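Please look through the sequence and the model shown here before reading on.

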Amino acid sequence: MPIPGTTTEITPGAPTSPATVLQVSPLLPGLERILTERYRTVRLHELPDPAAYLRDHGGEVVAAVTSARFGVGNELMDALPRLGAIVHFGVGYETTDVVRARARGIDVSNTPDVLTDCVADLAVGALIDSLRRLSAADRYVRAGGWTAAPFPLASRVSGKRIGILGLGRIGRAVARRLENFGTQVLYCSRVPVPDVPYRHLPTAEALAAACDALVVTVAGGAGTEGLVSAAVLEALGPEGHLVNVARGSVVDESALVAAVRAGRIAGAALDVFADEPNVPQALLDSDRVVLLPHIASATRETREAMGDLVLRNVERFMTEGVLLTPVPEAAH
């Protein structure tokens, strides 16, 4: 049945105030337009005094739509006593305390699957770029270096041992793509994944020591913060490459900066950073680091699919009181 407090709820004694969808952060223009057309939607980030709105109207909000970057913080959650659903635009949800939300009876969703292929494509492209130094070679040609000397030799991709840190949906998609390069795929996850042909390593450090390149696809959050530590980078070694398409928090960025400066790893390709959009100067200065502005899922097709899934989650909640793609209990 419709959720308590919506305009179609007929339970005697139910609240009579209108049910509001709170948009917490900027979203795709098309998604914002449809949310406004279909629901009583308030864009919190555009209000001149968000605190005043929450104080006066927080009790009207039944669903919050946010991005993976912003989530719904504990203070905001506490200001919304009728909140029943938090819908994330993105696969990540570490910016929302899911355990705390569910303890309050608030369900949480994300947009899995629809961005898997694009993120995996970019991860493989970034790996190739780092090993073959494509971006560096492009800069070399543009700067006129080719007229003076050939570009230095790089490293092949085929035949390499590639470690995947986190063999979830995206990690498996990366592994399938890399099989076609004749690589040896190894992985590390909390528990071995059944029915995959890849070798499982028990720790991130053991995985790094066993591979030529480490691709990070593990979920973000407190449980994986700093997982790629100085010790992991040391194990990866001076011939190793790091690719991160997960979250900036997963890599100890200060340790990475130190490793790049000292030449303790061969190269890195990074789509995410600890303090986006700010990137450490040492990484900007290094010609052995590929820097991308968090674009792993940034294709028109994927973002449209993500927006559609957000809308379907909101619609399911507003009509039936449940979410279409709730975050699994075991995922947090």
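In which loop does histidine 294 lie? Histidine 294 is found in the loop between strand 12 (289-291) and helix 12 (300-320), where helices (H or I, at least four residues) and strands (E, at least two) are DSSP runs numbered from the N terminus. The model is a predicted one, in which local features need pLDDT of at least 70 and side-chain atom pairs count only at pLDDT 80 or more, while totals for chains, interfaces and linings use all residues. Residues are numbered from 1 along each chain as its sequence is written, and side-chain values use heavy atoms, with hydrogens and water left out.

The confidence of the prediction comes next. The average pLDDT, the predictor's confidence in each residue on a scale from 0 to 100, is 94 for the protein, and 94% of the residues score at least 70. Over residues 1-16, however, pLDDT stays under 50, and the model has 26 contacts for them beyond four places in sequence, a contact being heavy atoms within 4.5 Å. Where pLDDT is low, the predicted coordinates should not be read in detail.

Most residues other than glycine have a negative phi, and most peptide bonds are trans. Histidine 294, although not a glycine, has a positive phi of about 50°, and at 32% relative accessibility it is partly exposed; on this scale buried means under 20% relative accessible area, exposed over 50%, and partly exposed in between (1.4 Å probe, protein chains only). Aspartate 195, also not a glycine, has a positive phi of about 65°; it lies in the loop between strand 7 (184-188) and strand 8 (199-200) and is exposed, with a relative accessible area of 81%. The peptide bond from glutamate 276 to proline 277 is cis, with omega near 5°, and proline 277 sits in the loop between strand 11 (267-270) and helix 11 (281-285).

Strand 9 pairs in the parallel sense with strand 6 (residues 161-165) over 4 bridges, two strands being paired if DSSP finds at least two bridges between them, and glycine 163 has leucine 214 as its bridge partner. Strand 9 is also joined by 4 bridges to strand 10 (residues 241-244), again in parallel, with leucine 214 opposite leucine 242. From strand 9 the chain crosses through helix 9 (residues 230-236) to strand 10 in a right-handed β-α-β crossover, meaning that, with the strands pointing away from the viewer, the path from the first strand over the helix to the second runs clockwise.

A nonpolar core is a set of buried Ala, Val, Leu, Ile, Met, Phe, Trp, Tyr and Cys residues joined through side-chain atoms within 4.5 Å. The largest has 49 residues, and those with the most contacts inside it are Leu35, Val65, Val174, Val314 and Met318; helix 5 (residues 116-132) supplies its largest share, 8 residues. A second, separate core of 32 residues includes Ala208, Val218, Val232 and Ile265.

Finally, a search of the whole structure finds 0 disulfides, a disulfide being a pair of cysteine sulfur atoms within 2.5 Å. The sulfur of cysteine 188 is 11 Å from the closest cysteine sulfur, in cysteine 211, and this is too far for a bond. Cysteine 188 is buried, with a relative accessible area of 8%, and cysteine 118 is buried at 17%.
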